[in-house]
Amino acid sequence: MSDLALKRPADATPWSKKSSRNVRLIVAASLFPLVISLAIGQILSIPAALTLIGIFLPIQIVASIAAARFSGLRNSAPDAVLIVVTYFLVTLFAILLGSLLTTLIVKGTESIKLNTLYQNNHYVSLSTPLTYGGVGHAIVGTFIIVALSALIAIPLGFAVAIYLTETRGRFRFVVRTIVQSLSGLPSIVAGLFIFAIIILPGYMPQVGFTGALALALLMLPTVARTAEEVLKLVPADLRSASVALGASRKAAFFQVIAPTAKSGLVTALLLGIARVIGETAPLLLTTIPSQETNLNPFSGPMSTMPTYVYAYVTDPHDALQHRAWSGSFIMLVVVALVFALARIVSTKRTRTKK
């Protein structure tokens with residue numbers, strides 16, 4: 001038997017090796033466009049962005065096609081174009097994102113103080129130093145409004161997903177069409193809708209709850225569509241087996257299907273929160289910013305981190321812009337901590353059950 005056994009070749013991945021000729025072609029095709037584009041940009045004083053897109057990218061594509069032709073590969077031209085464009089866009093996105101994060105971290109850490117985390121701006125003026133005042137009231141307002149919107153949208157989103165996947169109702173097509181339409185709803189339209197049907201007629205003033213209603217409209221389609229796709233991934237055999245063993249459809253869902261899709265449903269919840277936690281436009285129409293801490297979402301003005309940053313970053317005074325940068329940095333950190341904590345908790349629960 002051992003004599004007939006197939007032996008693993010010494011080199012299991014021969015395609016990963018490149019000849020010295022191909023390596024030289026790749027190096028030349030990478031450096032030549034860079035040198036040429038930099039020289040043209042310097043001589044003609046062309047802006048860097050225009051040089052990158054209008055000169056470097058076309059030369060890089062042509063050089064990659066030529067290098068692929070010389071290497072003797074089939075379908076070399078389409079592959080070279082796809083590889084160059086993909087790497088170019090990925091690199092460009094990484095540079096832009098890295099620049100944004102670097103600017104936010106540098107300017108945010110310069111302006112942040114310990115009091116920024118828990119104080120409000122009730123007595124803050126243009127001459128007030130950064131050692132007084134903060135974004136504490138906006139952090140509290142953000143958690144209250146997002147929690148209220150989650151209490152509204154997440155049960156409705158899960159209910160819609162269950163209806164679309166676990167039933168054969170005649171209105172499934174209509175419900176799915178409405179959910180898909182809501183997923184493309186501009187955030188400003190959600191704020192205008194709540195403003196027109198609730199605030200403008202006088203049923204309720206601009207308070208935290210009206211802001212939560214606007215955010216719930218944006219959160220609902222994200223939760224519903226994600227939860228629907230997650231529930232579709234549960235094998236049909238589990239449904240059939242649980243029903244065949246005598247369980248009702250309700251018991252089969254809550255005892256078999258929902259635990260199986262638990263991590264995916266948590267992901268749907270996180271995506272729904274991520275969709276709305278940084279929204280500014282609907283809150284500008286449905287809430288009134290405040291410089292004081294307000295714990296009652298049904299009465300009085302209430303600030304959130306997005307509206308706090310928007311109010312100060314558009315101000316021409318440097319002192320208030322420093323507060324906007326510190327608020328932006330704190331908002332980034334708070335959002336990252338919330339998602340990391342939620343992911344850790346969901347992972348621990350899954351491991352414990354196993």
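What share of the accessible surface of the protein belongs to carbon and sulfur atoms?

**View 1. Overview of the predicted model.** The accessible surface of the protein comes to about 21100 Å², and 69% of that belongs to carbon and sulfur atoms. The protein has 13 helices and zero strands. Of its 354 residues, 36% count as buried. Take the contacts between residues at least 6 apart in sequence: 67% of them join residues at least 24 apart.

**View 2. The R176–E228 salt bridge.** The closest N and O atoms of R176 and E228 are 2.9 Å apart. This pair links distant parts of the chain. R176 sits in helix α5 (residues 172-183) and E228 in helix α7 (residues 208-232), 52 residues apart. E228 is buried, with a relative accessible area of 5%.

**View 3. E228 and K232 within helix α7.** E228 also forms a salt bridge with K232. Here the closest N and O atoms are 3.3 Å apart. The two residues lie four apart in helix α7, about one turn of the helix. K232 is partly exposed, at 46% relative accessible area.

**View 4. The K232–E229 salt bridge.** The side chains of K232 and E229 meet at 4.0 Å, N to O. About one helical turn separates them, because they are three residues apart in helix α7. E229 is partly exposed, with a relative accessible area of 44%.

**View 5. The network.** R176, E228, E229 and K232 are linked in a network of salt bridges. The protein has four salt bridges by the rule used here. Side chains of opposite charge can pair when their charged atoms come close.

Conventions: Residues are numbered from 1 along each chain as its sequence is written. This is a predicted model: local features need pLDDT of at least 70, side-chain atom pairs count only at pLDDT 80 or more; totals for chains, interfaces and linings use all residues. Side-chain values use heavy atoms; hydrogens and water are left out. Buried means under 20% relative accessible area, exposed over 50%, partly exposed in between (1.4 Å probe, protein chains only). Contact means heavy atoms within 4.5 Å. Accessible areas come from the Shrake-Rupley method with a 1.4 Å probe; for residues, only the protein chains shown count as cover.
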